[in-house]
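Dear colleague,

Here is the structure for you to look over. My notes on it follow below.

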Amino acid sequence: MPAKPPPLSFDAARGLAVLRTPHSVYALRTGADGSPRHLYWGAPLDPAELAALPAHASPAASSFEADPAPDELAPQTGARFGPAGLQVRFADGTRGAQWTLAGHTVGDHELRLRLADRRYPLTAELCYRVRPGSDVVERWTELTHTGGAGTGPIAVDRLDSACWTAPALPDYRLSHLVGGWNSEFQLHRDRLPVAETVLTSRRGLTSHHANPWLALDDGTATETHGQVWSTALAWSGSWRITVHRDPVGRTSWTGGFGHEGLSWTLQPGETLHTPVFAGLYTAGGFGAASRAWHDHLRRTVLPEPDRDRPVVYNSWEATGFDVDLPGQLRLARLAARAGAELFVLDDGWFGARTNDRAGLGDWTPRRAAFPDGLRPLADEVHDLGMDFGLWVEPEMVNRDSDLHRAHPDWVVHAPTRDATELRHQLMLNFARPEVAAWAHATLDRLVRENDVDWLKWDANRVVTEAGWPGHPDPDRLWIEHTRAVYRVMDRLRRDHPGLRIEACAGGGGRVDQGVLARTDQAWTSDNTDPVDRLGIQHGFSQLFPAQAMAAWVTDSPNVTTGRATPLRFRGHVAMAGALGLGGDLARWTEQELAETAELVARYKEIRPLVQRGRQFRLTAPGGVTGVHYAAADGGEHAVLVWRPAARFGHATAELPLPALDPTARYLDLQTGTAHRGALLVGRGIDPRLPAGDYASSLIRLRRISGPCATTGR
Ligand code: DGJ
């Protein structure tokens with residue numbers, strides 16, 4: 001039997017690098033000009049097929065055409081006229097790099113190609129990583145000024161993590177996430193124009209408006225079928241991805257941190273590391289792509305993927321800024337009765353923070369609200385059997401705060417520009433070491449003094465009038481602020497091993513694989529309306545697993561939309577993620593509280609499936625959607641089904657469950673009926689939706705081996 005080829009190989013004679021994952025191959029070749037060129041990304045190839053890949057790109061058709069072979073990172077020289085992934089200016093004004101391949105290293109799972117400029121002291125390492133059992137290829141770039149002291153600096157106007165290329169397809173369709181505050185993660189699936197399409201955030205945060213994830217297909221892929229090429233950038237600040245479809249049928253996309261117009265100065269001896277831009281090929285449609293991403297996040301991104309996400313109670317929608325000890329204790333007792341495992345005290349507990357105009361930055365408990373500090377609340381929450389969580393917004397400050405009065409220079413600002421206030425607040429410049437050190441010390445003290453188990457780390461504004469007075473390279477702010485946030489989070493987790501962190505930025509304004517590498521889940525959206533949430537959660541699930549998606553059951557009518565919905569529907573929608581409660585429980589009836597406790601109990605039963613299972617998105621005629629969570633071994637299944645609006649004349653159809661094993665039999669745990677897998681896969685299951693609008697159900701199935709007493713379809 002021929003030996004299994006290694007995951008990574010580099011044939012120096014041919015300049016050919018091959019990366020193999022269980023269901024894909026990625027190949028590139030160093031071109032005659034020293035630049036690595038994309039060769040192949042798709043279904044596995046056997047050695048003969050690999051050898052048959054073209055040795056050289058075909059020549060340009062005319063002197064007006066772009067260089068034909070797509071770059072792994074376009075260096076802004078040669079006959080290249082698409083978006084450049086690397087843009088540099090040397091001290092003498094020369095632009096762009098011209099490479100020679102200066103070396104390579106191939107480890108078990110990591111390949112590095114070292115490119116050196118032919119005349120200037122600059123190297124770039126193009127880095128590739130594959131992990132056992134995963135189809136994700138991780139890529140990043142390390143750019144080094146190799147000159148000695150006294151060599152002029154190099155201006156870096158763009159440094160992307162990677163450029164990806166899809167094969168020639170009859171057509172291209174782009175799937176991406178757009179939205180805004182209260183409407184994050186809206187999935188758009190549009191035909192890709194023959195043009196450059198820019199997906200970006202210029203806000204210094206990942207943003208509510210776009211997410212650095214995309215998927216490309218030929219326009220025919222479905223949830224269950226078709227080839228999909230998908231990529232995601234692990235970065236929580238500004239970013240840009242430019243997708244370039246040319247008129248002769250090629251599509252590449254280059255992406256990385258920073259938006260257009262920024263410039264970073266590379267000093268002699270310095271290296272600029274980009275974030276990881278990961279890519280994934282699947283032949284199994286959008287559902288398989290999502291499951292592969294979820295798997296990737298669980299294996300390599302989330303810090304503690306196997307730890308249950310607790311059922312949270314959060315007081316924000318109940319009390320807003322009107323917080324005090326008696327009110328929070330009352331909610332905590334009700335939350336514990338309902339089955340919550342974590343109580344989070346949200347905004348308004350500190351400084352002069354009785355509204356959003358003052359006190360942000362002054363992280364000591366507000367005396368009028370908590371005369372003896374937070375300890376009495378934390379202790380009682382712990383006595384009630386719950387963890388204690390605290391809302392913080394460490395990167396922000398109100399002008400009207402002791403912190404700003406003491407350190408007006410700590411904010412991101414340009415002295416000759418008027419600073420725009422958003423939500424009456426300014427942003428602290430974490431890129432300044434003393435600011436990040438202050439934030440770390442403040443949070444560390446709060447956690448220690450109050451036995452805090454959970455921090456909800458919020459950020460309610462974006463960067464404007466960016467400046468860093470006195471710093472020679474002020475655009476560094478856009479990178480260094482984000483890196484400093486990461487460092488503070490990492491250090492807190494290291495020093496407090498039990499501590500968990502929830503990412504939040506006015507809802508889902510900072511959700512990406514960068515922040516999720518140091519947080520347990522993200523607050524998905526301030527919009528808790530269950531109907532709106534269905535769309536938000538659908539988009540979120542394209543890339544992120546359900547355990548990272550915080551979802552609360554809140555009051556009806558909903559505070560955002562005014563829509564009234566039944567508790568059962570609200571519960572079933574929130575149970576599709578990391579369940580939480582966020583309503584004013586003090587105003588709920590005994591019956592509502594009992595129903596909530598029942599929903600929470602049901603959730604805890606299916607939590608291993610929702611939080612660690614495989615996720616399959618479902619649709620059926622009549623506006624019915626659902627999500628099926630299956631245990632990894634296929635034994636247990638939970639299916640949540642929703643129909644927001646009943647339609648006249650539409651009988652509720654059966655809901656096919658294509659992820660089940662057609663050769664198996666399944667027991668419906670609610671009805672005791674046994675079903676043949678083949679029928680559940682082909683025809684579907686009766687979703688048992690009640691009549692009317694806002695109908696929902698939870699179906700639980702267990703795989704059984706032999707025939708059952710009750711025999712259904
Ligand atoms: C925005 C968050 O998304 C909310 O959940 C809440 O924490 C508020 N900030 C508090 O100001």
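**Helix packing**

In helix 5, Arg375, Ala378 and His382 make contact with Arg448, Glu449 and Asn450 of helix 7. By class, the residues of this contact between helix 5 and helix 7 are one nonpolar, two polar and three charged. Please keep in mind throughout that this is a predicted model. Helix 5 covers residues 375-383 and helix 7 covers residues 433-450; their axes are 9 Å apart, at an angle of about 55°.

A second pair is formed by helix 4 (residues 325-338) and helix 11 (residues 590-612), which pack with axes 8 Å apart and an angle of about 50°. Helix 4 and helix 11 are therefore oblique as well. On the helix 4 side the contact is made by Leu334, Arg337 and Ala338, and on the helix 11 side by Glu590, Leu593, Thr596, Ala597 and Val600. These residues of the contact of helix 4 with helix 11 divide into five nonpolar, one polar and two charged.

**Helix 9**

Helix 9 spans residues 530-540, and its buried residues are Pro530, Arg533, Leu534, Ile536, Gln537, Gly539 and Phe540. What do they pack against? The partners of the buried residues of helix 9 are strand 12 (173-178), strand 13 (186-191), strand 29 (521-523), strand 30 (549-553), helix 10 (567-574) and strand 34 (636-643). At the N-terminal end, helix 9 is capped by Asp529, with a side-chain oxygen 2.7 Å from the backbone nitrogen of Val531.

**Ligand surroundings**

The ligand is surrounded by 13 residues, of which the closest are Asp346, Asp347, Lys456, Asp458 and Asp526. For Asp526, an N or O atom of the side chain is 2.4 Å from an oxygen atom of the ligand. The side chain of Trp391 has an N or O atom 3.0 Å from a ligand oxygen. With Gly507 the backbone is involved: one of its N or O atoms lies 2.9 Å from an oxygen atom of the ligand.

**Individual residues**

Arg80 sits in the loop between helix 1 (47-51) and strand 5 (86-89). Is Arg80 buried or exposed? Its relative accessibility is 13%, so Arg80 counts as buried, the cut-off being under 20%. The side chain of Arg80 makes a polar contact of 3.3 Å with the side chain of Ser35. Not counting residues up to four places away in sequence, Arg80 touches Asp33, Ser35, Arg37, Asp67, Asp71, Ala74 and Pro75.

His296 belongs to helix 2 (residues 285-301). At a relative accessible area of 4%, His296 is buried. Neighbours within four places in sequence aside, His296 is in contact with Ser134, Val136, Glu138, Val301 and Gln513.

His109 is in the loop between strand 6 (99-106) and strand 7 (110-117). With a relative accessible area of 30%, His109 is partly exposed. The C-alpha atoms of His109 and Arg131 are separated by 6.2 Å, while the two residues are 22 residues apart along the chain. Residues touched by His109, not counting those up to four places away in sequence, are Pro7, Leu8, Tyr128, Arg129, Val130 and Pro132.

Regards

How values were computed: Residues are numbered from 1 along each chain as its sequence is written. This is a predicted model: local features need pLDDT of at least 70, side-chain atom pairs count only at pLDDT 80 or more; totals for chains, interfaces and linings use all residues. Side-chain values use heavy atoms; hydrogens and water are left out. Axes are lines fitted to C-alpha atoms, for helices over the stretch in contact, and angles run from 0 to 180 degrees between N-to-C directions. Helices (H or I, at least four residues) and strands (E, at least two) are DSSP runs, numbered from the N terminus. Angles under 35 degrees count as roughly parallel, over 145 as roughly antiparallel, 65 to 115 as roughly perpendicular and the rest as oblique. Contact means heavy atoms within 4.5 Å. Ala, Val, Leu, Ile, Met, Phe, Trp, Tyr, Cys and Pro count as nonpolar, Asp, Glu, Lys and Arg as charged, and the others, Gly among them, as polar. Buried means under 20% relative accessible area, exposed over 50%, partly exposed in between (1.4 Å probe, protein chains only). A polar contact is a pair of N or O atoms within 3.5 Å; within protein, one must be able to donate a hydrogen and the other to accept it, and residues adjacent in sequence count only if both atoms are side-chain atoms. A residue is near a molecule or strand if one of its heavy atoms lies within 4 Å of it.
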